[in-house]
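This briefing covers the core, the charged side chains and selected loop residues of one protein structure. Please read it alongside the sequence and the model.

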Amino acid sequence: MSYKNIPFGTLEKFNVVVEIPRNGAIKYEYDEEWGEIKVSSIFKDNFTFPCDYGFVPQTRGGDGDHLDVFVIGSQSVSLGTVVECRAIGMIELLDRGEKDDKILAVPVADPASQNIKTLEDLSFDYKTIFKEFFQELGVQRNKTMEIKRYKDATVAMEELKLAHENYKK
């Protein structure tokens with residue numbers, strides 16, 4: 001399978017390629033030149049990702065890369081799997097002082113996600129989880145990461161639309 005040929009989808013149901021499964025301690029990244037996913041780094045001290053993490057094909061975010069997405073589902077999805085998702089919000093994040101926003105989404109096919117439309121619908125303290133996650137990720141990667149604020153699904157969808165348009169240019 002070629003990751004280069006995976007479509008964006010729609011704003012309401014966009015595709016995400018999972019690079020790091022939930023509880024994963026290995027950071028994989030898609031290498032656009034190779035068209036493959038490869039190991040970027042390995043975390044230490046039992047640090048893992050709180051949910052599946054990946055990218056939206058056919059997008060270009062503010063940092064020039066594909067848009068990043070945390071997929072919040074009831075089950076973990078395997079590395080390289082394409083998941084159709086719905087945006088529920090966005091994290092405005094600064095990575096070494098540069099914009100590196102993260103879309104927050106739920107899998108469309110997950111029955112446990114059917115009633116989750118906004119960040120407030122989540123059944124856990126997402127702000128604490130992501131705050132602690134990015135603090136430790138900064139330590140692991142020896143860099144400063146700062147959550148500026150959380151935005152709603154409408155803003156996330158605007159970001160998806162812009163990133164898809166940037167890709168097509």
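Asp 100 and Lys 102 are both buried, where buried means under 20% relative accessible area, exposed over 50% and partly exposed in between (1.4 Å probe, protein chains only). The model is a predicted one, in which local features need pLDDT of at least 70, side-chain atom pairs count only at pLDDT 80 or more, and totals for chains, interfaces and linings use all residues. Residues are numbered from 1 along each chain as its sequence is written, and side-chain values use heavy atoms, with hydrogens and water left out.

**Salt bridges**

- The whole structure contains ten salt bridges, a salt bridge being a side-chain nitrogen of Lys or Arg within 4 Å of a carboxyl oxygen of Asp or Glu.
- In general, side chains of opposite charge can pair when their charged atoms come close.
- Helices (H or I, at least four residues) and strands (E, at least two) are DSSP runs, numbered from the N terminus.
- Asp 95 counts as buried because its relative accessible area is 13%, and Lys 143 counts as buried because its value is 18%.
- Lys 38 and Asp 31 form a further salt bridge through their side chains, at 2.8 Å from N to O. With 32% relative accessibility, Lys 38 is partly exposed, whereas Asp 31, at 15%, is buried.

**Nonpolar core**

- The largest nonpolar core has 23 residues, and those with the most contacts inside it are Phe 70, Ile 88, Leu 104, Phe 130 and Phe 134. Such a core is a set of buried Ala, Val, Leu, Ile, Met, Phe, Trp, Tyr and Cys residues joined through side-chain atoms within 4.5 Å.
- At least two residues of this core come from each of β6 (82-95), β8 (102-107), α1 (126-141) and β9. The most are given by α1, which supplies five residues.

**Negative surface patch**

- Glu 120, Asp 121, Asp 152 and Glu 158 form a negative surface patch. Patches are made of residues with over 30% relative accessible area and no salt bridge, with like charges joined within 9 Å and nonpolar side chains (Val, Leu, Ile, Met, Phe, Trp, Tyr) within 5 Å.
- Asp 152 lies in strand β9 (residues 145-152) and is partly exposed because its relative accessibility is 43%.

**Loop residues**

- Asn 23, in the loop between β1 (14-20) and β2 (26-31), has a positive phi near 70°. At 52% relative accessibility, Asn 23 is exposed.
- Asn 46, in the loop between β3 (36-42) and β4 (52-56), has a positive phi of about 60°. At 77% relative accessibility, Asn 46 is exposed.
- Most residues other than glycine have a negative phi.
- Ser 74 is placed in the loop between β5 (67-71) and β6 and is partly exposed at 36% relative accessibility. The C-alpha atoms of Ser 74 and Asp 110 are separated by 7.1 Å, although these residues are 36 residues apart along the chain.
- Ile 116, in the loop between β8 and α1, is buried at 13% relative accessibility. Ile 116 and Lys 99 are 17 residues apart in sequence and 27 Å apart in space, C-alpha to C-alpha.

Key:
Accessible areas come from the Shrake-Rupley method with a 1.4 Å probe; for residues, only the protein chains shown count as cover. Lys and Arg count as positive and Asp and Glu as negative; His and the chain ends are not counted. The place of a charge is taken as NZ of Lys, CZ of Arg, CG of Asp or CD of Glu.
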